[in-house]
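Thanks for coming, everyone. Have a look at it first.

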Amino acid sequence: MTGTRHLVRLILRRDRVLLPIWVLLIAVLPASYAETYAGLYPTAAQRAEYAASTAGNPSVEALLGPAYGDSVGALAAQRSGLLHLIVGLISLLVVVRHTRTEEEAGRRELLGATVLGRYAGLAAALLVTYAADLLLGLFVAGGLVATGLPAAGSLAFGLSVALAGAVFATVGALAAQLTESAGGARGLGVAALGAAYLVRLAGDAAGTEWLSRLSPLGWAQRTHPYVGERWWPLALLAGLAALVGAVAFRLSVRRDLGAGVLPPRLGPAAAGPALAGPWGLAWRLNRVALLGWTVGSAALGAVLGGAAEAAGDAVDGNETVARLMERLGGSTSIAEAYLGTTLSIVALAAAGYGIQAVLRMRTEETAQRAEPVLATGTSRSRWLLGHLAFALLGPAVMLAVTGAVTGLAYGLSSSDVTGKVPRLAGAALAHVPAVWVLVALAVLLFGLLPRISVGAAWAALAGCLLLGQLGAVLELSQWLLDLSPFTHTPQVLGGSVPATPLLALAGTAAALTTAGLLTFRRRDLSG
C-alpha cells in the first residue's frame, strides 16, 4: 500500500472539477422531488390516489422500483430510484478510468517504477470513489432532511445510494483486472450493472420479491425509507463490496502489468474490405455502442409507453399537475404530455451516445492510434467525418426506434397502434436538431480545446439534464432555460410543428461542426 496517499492526492487533483460536479448535481435531485410532491399533492388523500394509480403501476415500478408508502418521503424515494443505477455507473467508470485506463496509457508503469506498492493504484481509486459516494449519500440525506422529511428515512436512502455506488465501484475494479483494455473493462462493468438492473426490473414488474432480491439494486431499494426503515440491506451491500473488492485486489497481483486475467481473443489474420477506409473503421469502433444505446433506450420507451395511460389517469382533476405536465411535454392530453416529457429524457440519452461517439476520436488520438491512420492517404477531414456520421446519424436512429417502440406500447394500451406509432416516432425525431447541437459542441471542443473536451462535453450534457429536470419545476428564469437547446424543441404532441426553431438548431449545429472541423485541421495531434 506504499504510496497510496500520494496517488489519492493525484486523483483528487485530476478530478477536482468533475468529481464535485456530479456529486452536487445528483445530490439535489431527491430533495427537489420531495418538494415537488409536497407542492403537487399537499393532502394525504391526493398522495394515496397518486400512489395507487401511478406509483403502484407495474410499468412505473419496473422502471423506478416499488413504492412502499404514499408519504412525500416514500414517493420521493421511489422517484429517485434510478439514482442507484446512475451512481453505480459513474462509480464504475471512475474506477476504470484511474486503474485500467492508466495502465493502458503506460502511466501506471512509470509510477510503478518508483517506490509504489502493488496495491496502491487500485486502493487509491477505490478510496476516492468510496469517499465521493459517501459524501454524495450524506448530501442526499441532508437535502431531504432540509425539506422537512424524517432523518432516519433520509439517512437510509442516502446510505443506500452511497453503498450502491460502492458495490459497482468494486465491480469496475474487478473488471479492470479481467481485461487488458479500458474499453473491455467498461463493457464488462456496464454489462454487470445492466444485468443487475434487468433482474431488479423483471422482479418488480412481475411482483416477484425473490427475483428482485437477487440484484444489488434490489437490495438498495428495499431499505424502505420513510416506511419502517430496514438496515440489513445496507449490510449486504457493504459485504458484497468488500467481497468483490478482495477478489479484485487478489487478482491485481496475480497478473502481469498491462495484461488481463482473461486472454485477449485473436482477430483475423487479415482485415476485411470494410476496414479499407475511415468509414469502415468508424463503424467497427462505434457499432457495439450504437446497438447497446439503441436497445437500452427502446426498452426504456416500452416501459414508459406502457405507463402513459396510468400517468394520465393519476393526474386527472389535478390542475396544478396538468399545467406542469403541459409545460413539460405538450397540451393535447395528460398522457401525451407525460410521453413528451419522457421523450425529452430519451433525447438526452441519445445526446450522450452522440457525445461518446465524438469523444472516441479523442481516445484514438491520445492512444496514438489516430496518428498512423492519418499518416496514410486518409485526410483529417475524412477521418473526422467518418466518426461524425455515427455521432449525428446514430442519435437519429436511436430516437426513431425509441419513438416507434414507445408508440407501440402506448398504442397497445389505448387500442390505437396505427395512430400512436407514427405520432410518437415523429415526436422523438423532433429532438434530433437539439441533440445535434450538443454533438456539434463536442466536435468544436475536440478541435479547439482537446485537453478539456471530455469533461466539458459531458458537463454540457449534465447542465441540460439539470435544466430539463428542474427548470420548469423551480420556475427558473427563461434566459437560463434557453441555454439548453432542448428548450427550443417544439412540442410535436401539442399541436403544429414550427419549422423555424428546428432550422435554427440545425444551423447552429452545422456552424459548430464546421468550426470544429476547421480547428482540428489546423492543430497538432496530442498524445
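Start at Trp-383. Leaving out residues up to four places away in sequence, Trp-383 touches Pro-278, Met-361, Glu-364, Ala-370, Val-373, Leu-374, Thr-378, Phe-446 and Phe-520. Contact here means heavy atoms within 4.5 Å.

Before going on, some ground rules. This is a predicted model: local features need pLDDT of at least 70, side-chain atom pairs count only at pLDDT 80 or more, and totals for chains, interfaces and linings use all residues. Residues are numbered from 1 along each chain as its sequence is written, and side-chain values use heavy atoms, with hydrogens and water left out.

Now the core. Trp-383 belongs to the largest nonpolar core, which has 74 residues. A nonpolar core is a set of buried Ala, Val, Leu, Ile, Met, Phe, Trp, Tyr and Cys residues joined through side-chain atoms within 4.5 Å. Buried means under 20% relative accessible area, exposed means over 50%, and partly exposed is in between (1.4 Å probe, protein chains only). Which residues touch the most other members? Phe-168, Val-358, Trp-383, Leu-384, Leu-399, Val-435 and Phe-486. Helix H18, residues 334-366, gives the largest share of this core, 14 residues. Helices (H or I, at least four residues) and strands (E, at least two) are DSSP runs, numbered from the N terminus. There is also a second, separate core of 35 residues; Tyr-37, Tyr-50, Val-128 and Leu-149 are among them.

Step back to the whole chain. It has 25 helices and zero strands. Of its 527 residues, 49% are buried. Take the contacts with a separation of 6 or more: 77% of them join residues 24 or more positions apart.

Next, charges. The structure holds 11 salt bridges. That term means a side-chain nitrogen of Lys or Arg within 4 Å of a carboxyl oxygen of Asp or Glu. Glu-364, one of the Trp-383 contacts, pairs with Arg-369 at 3.0 Å, N to O. Glu-364 counts as buried, at 6% relative accessibility. Arg-369 counts as partly exposed, at 36%.

Now look at Glu-103. Arg-100 forms a salt bridge with Glu-103, closest N and O atoms 3.5 Å apart. Why about one helical turn between them? Because they are three residues apart in helix H7, residues 100-105. Arg-255 also meets Glu-103 in a salt bridge, at 2.8 Å, N to O. Arg-255 lies in the loop between H14 and helix H15 (278-306), and Glu-103 in helix H7, so this pair ties together parts 152 residues apart in sequence. Arg-255 and Glu-103 are both buried. Arg-100 is buried too. Elsewhere, Arg-14, Glu-102 and Arg-107 are linked in a network of salt bridges.

One more arginine. Arg-222 sits in the loop between helix H13 (216-221) and helix H14 (232-252). Is Arg-222 buried or exposed? Buried, at 2% relative accessibility. Setting aside neighbours within four places in sequence, its contacts include Pro-66, Tyr-68, Asp-204 and Glu-209. Tyr-68 is 154 residues from Arg-222 along the chain, yet their C-alpha atoms are separated by 9.0 Å.

Thr-4 is in helix H1, residues 4-14. Thr-4 is buried, with a relative accessible area of 9%. Beyond residues up to four places away in sequence, Thr-4 touches Ala-120, Ala-123, Ala-124 and Leu-127.

That's my tour. Over to you.
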